[in-house]
Amino acid sequence: MMARSNAACRPFLAVVLLALLTFAQPGSTAEDFVFLPALRVDEPEQMQLLDIARAGERLVAVGERGVIILSDDHGRSWRQAEVPVSTTLTAVHFPEPDSGWAVGHAGAILHSADGGDTWELQFDGREANRQYLAWAQARAASLEAELAASEDAEQLGALEEALDEAQFAAEDAADAIDTGPADPFLDVLFTDAKSGFAIGAYGMLYRTDNGGDDWRIAIDGIANPYRYHYYAIAQDSAGGLYLSGEAGLLYHSEDAGSTWRRVEDLYDGSLFGLIVSGERVYAYGLRGHIFKASTASADWAEFTNNNGTSLYGGVRLADGQALMVGAGGLALAISENGTQQAWRHPSRASLSSAVQAANGDVWLVGMSGLMALSEANSL
Amino acid sequence: MTKHESTTLSAEDGRLRPLLGTLMMRARVPLIALFAIATLFFGWQASQLKPDASFEKMLPTLHPYILNFLERQDELKGLGNSVRIIVESRQGDIFTKEYQQLLQEITDEVFYVNGVDRSAMQSLWTPNTRWMEVTEEGFVGGAVIPDDYDGSERTLVKLRENVLKSGQIGRIVANDFKSTIIVAPLVEIDPNTGERLDYAKFSQDLETMVRNKYQSEKVSIRITGFAKLIGDLIDGATLVGLFFLVAFGITAVMLFLYSRCVWLTGAALLCSTVAVVWQMGLLKLMGLGLDPYSMLVPFLVFAVGVSHSVQIINRFGTLIYLEMPRIEAAKLTFIRLSKPGFVALLSDGVGFFTLRVIDIPVIQELALVAATGIAVLVLTNLLLLPLVLTFTGISSRCVSYRVEKENSNFRHWRILSGVAQRGPALSVLAVCTVLFAVGIYFGKFQKIGDLDPGAPELRPDSRYNQDNAFLTNNYSTSTDVFVVMASTDVQQCGSYEFISAVNYFQGVMETVPGVQSAMSLVDVSKLAIQGMNEGSPKWHETSRNRYILNNSLSSAPSTLRNTDCSMAPVILFLDDHKADTLDGVVQAVTEFAEQHNSDSLQFDLAAGNAGVEAATNIVIRNAQNKMLWWVYGVVIALCLINFRSLRITACIIIPLVLTSVLGQALMAALGIGVKVATLPVIALGVGIGVDYGIYIYSALQSHLAKGEGLQEAYFHALKSSGTAVAFTGLTLAVGVGTWIFSPIKFQADMGIMLTFMFFWNMIGALLFLPALAWLLTSSKKASD
């Protein structure tokens, strides 16, 4: 728990108690299917899969209904892992071969310490809601105190406005507690074995420094007043962090995520993905828009391409190419010198992510499950 | 033994029958006139019979699943009742000027077919087929046919792009882009006239206005859908008239070969036909239609009528041969045969009537109609036929044929009677034991329900099923649909509690073998939320947030929830409708419901063609044994009453059991499942089959009583009734055998099974019965 003043703590507790009481109301006694273990599926690789990653030599993919699948033969055969939730999982990252995290809807954060075979729930939307409420109330309390102390008329107006916003956020947060664990995390990134970020809908940004023993809300250093969704987070070799999201959000952090600088006026549409390849970083998204910067300068510019379909995810390939995948089964690779190659998978199913196995094979995941890039037709 | 036929009345003939016979002969002219008037009346009624194919009558209406379905029927109506017209390009793909022009014309044509719900029609050329795309500014979209479409290469390219963005591939556009569908939902009740849709006419309209008009070397037209299926069934059923004529013709030839007398043949055919006319007229009077299912009954009535007529003309011929005057001969025939005839018909009728124990209306109707037909036969064949014979008499050729026959030495019967001796009897018994073993073994593979893909009512290679197969092969759809009704409190079908439960339920059902996919309101919600978030696949999930959830359901089609938002159908698409698949689904749903049902959440079985079939299978599985107990109980009771001997009863019943066992094995071997159509077959087979045993053993018994040895007695029994039994077996087999060629699968299945049962029962009575009699009499002697 974050340190906070007593003043902020008391109403927080009251609301939590209230929330617990409302949970006990008859209308809410219905079963929560989200927190039932994932069902065993005959051919889990044909389920809708949303992200795929390497855990050492092993491949791990996550998707709908809490399905997590593993392959130890570079993608030829798959088996299903044991997962304690049945909500849709959206992203997976293994900073070390044995230790990895998967995140998803209902604010679920899962951890595996055995390379993906078994998973435990570290965090979910109920805790996320509580932390967000506490954050909003603490902010409102500190603004109130500041307002009481302030005498500068000009500052007063701005403070009042900020207080209104904070109070509005607190109301929102109280509502969210009534609603229950809802909003999804959309990406997860660990910068080392213990430190990581989980980001998602409505500006959710949580971090841990102790391998997920506790996850803390970390939105003090980022400006996102309209609570747009965060879609992707990535790190370059120098330790710089990139965060992209809805409505053209793009941030850069040079202090390991404590503060985030917004890249302004780049684009209005969503940026669903980020790929770092050597000195280059790509942000891409809606209707095939791709933006490129050098990690040194962080000067962003549109990378023109003639593809008009949305790109939802991607991966850096071993040869340095950035592979982006998206709607209608499209895959697009950009080499280091900027040449492009495109494929379309015959299923035309929307793709969400990709990975390169240790043997070089490239696998795509999306609405129709797992597919090989080799099956796709070159365009 | 016909020479021993007494021409004078004896005590055995009783008093009532001679009295009746005298009265009858005295009033023969008015009686025949009365029959003629009645026949005209029933004929007039019969001519008004309409072909009718009601699926509801084939449902086990008392089964809880069906009760659920019937209760919700109106709310589920929108789910299925539409026709799909598939327009396939024979040359190249659908993106050509010619194809699109034809498609537009056909769409316009379908628009004007009476019965089509015009507002809900869909094809590439209707304005409700749209493409959509997410842009920085939000959703943009339009009709798939470009506004400036002129058939040029440029607009065709644009059309192709729009189709790709429309999400209709696999739905109304084939996966291979070689065909598209015109979906025409139907209006059950015409809003202008208030009349129900006439499926036969609708189906005919589609043929003339669409298929015949537009099918060419450029495009082929395929039509599927419930209405078309019914139409094809009614069309197929009309062929039954032809089958009747064929059966009539073959029977006439056989009758003539048997009697060698045009007059006797004509009289027997006339009376049996009169019975059919009456029976059909009564059908109309009882308010029933000409159902493809109970169409079997006129054939049975005719065949049973002919076989009883054979007894009568045979006896009449004998009496004439003994130089009795016609009227006296007819009267004595009536006196002698009305009692056994009545008993035999009664046993047939009671046998049929046991089918009433099965809770499936169409089977109960069959039982009623068949029992009525048998009752009619009592009047037409026992009463009318002797009267007719007094007028027709018998030709002299027939008499001379009879003399010849009497003087022959009956070599074939002599040989056959050998089975009543030790050696042949043992071989027959050994063969029958092996057949029992084989039958029981293969009978284990007998399946419940329908086994072929497509519409099980029609043959797998029928045009309808070919069209259906084309649809399932080229589109992402299955035609085996199992619907589970998920219900909650009023106005709660959009609550997260309900939606998440249905979502989880779908997940569970998708793990059940044979379930391809599940679809409900939940999928609409997931897709809408994904759409609201710019199509990102990561958002393809429902939401606990009630604003988002409500918003996501605002555009849900009304077919996916009822009007007061208390029920949402969950549609399961299955690989097939085999019983094992359906059992697995039923079991999974039941388990889930047991675990999760609560006051505000219920999962109820079942609707959809596969759901209905699952319920039917359950009823049939339970009914099969029940029916066998009843029918065997009845025939055993009749045998015991008639013969007052367990031994004789065993001799008659065991061959029937062998037929039943072999019948089940045959069904397994031919891939015919136990279903509504084949379930009554065994009862019909046993009910009619018992007659042969009774005839043969009665004759055998009377000769044994005279102190003859078994073989000699059996030879004499064969001589007097063997021909009649063989003839009866063949007539019945022919009567139902023509059905094998019916385009309606279940009629064909009934035809195969009944033909087999009638024929094999006859063989059993002629061969197996005497061998059993030998065994039981010799063991009796041994024990004495």
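A crossing of two helices is left-handed if the near helix is turned anticlockwise from the far one by less than a right angle, and right-handed if clockwise. The structure described here is a predicted model, in which local features need pLDDT of at least 70, side-chain atom pairs count only at pLDDT 80 or more, and totals for chains, interfaces and linings use all residues. Residues are numbered from 1 along each chain as its sequence is written, while chains are lettered from A and ligands numbered from 1 in the order in which they are written.

Two packed helices are described by the angle between their axes and the distance between the axes. Helix α11 (residues 326–353) and helix α23 (residues 679–705) of chain B have axes that come within 8 Å and cross at roughly 160°; the axes are lines fitted to C-alpha atoms over the stretch in contact, with angles running from 0 to 180 degrees between N-to-C directions. α11(B) is therefore roughly antiparallel to α23(B), a term used for angles over 145 degrees. The crossing of α11(B) past α23(B) is right-handed. Contacts (C-beta atoms, placed from the backbone, within 7 Å) involve residues including Ala344(B), Ser347(B) and Phe352(B) of α11(B), and Leu684(B), Gly687(B) and Ile694(B) of α23(B). The residues of this contact comprise eight nonpolar, three polar and two charged.

Chain A contains three helices and 28 strands, taken as DSSP runs (H or I, at least four residues, for helices; E, at least two, for strands) numbered from the N terminus. Its radius of gyration is 21 Å, close to the 21 Å that the globule rule gives for 379 residues, so chain A is as compact as a globular protein of that length. The radius is taken over C-alpha atoms, and the rule is 2.2 Å times the number of residues to the power 0.38.

Some backbone details deserve a look. Most residues other than glycine have a negative phi, and most peptide bonds are trans. Arg348(A), in the loop between β24 and β25 of chain A, has a positive phi near 60° and is partly exposed, with 17 other C-beta atoms within 10 Å. Arg260(B), in the loop between α8 and α9 of chain B, has a positive phi near 55° and counts as buried, with 20 C-beta neighbours inside 10 Å. A cis peptide bond, with omega about -10°, joins Leu605(B) to Ala606(B), and Ala606(B) belongs to strand β9 of chain B.

Conventions:
Angles under 35 degrees count as roughly parallel, over 145 as roughly antiparallel, 65 to 115 as roughly perpendicular and the rest as oblique. Two residues are in contact if their C-beta atoms, placed from the backbone, lie within 7 Å. Ala, Val, Leu, Ile, Met, Phe, Trp, Tyr, Cys and Pro count as nonpolar, Asp, Glu, Lys and Arg as charged, and the others, Gly among them, as polar. A residue is buried if 20 or more other C-beta atoms lie within 10 Å of its own, exposed if 12 or fewer, and partly exposed in between; C-beta atoms are placed from the backbone.
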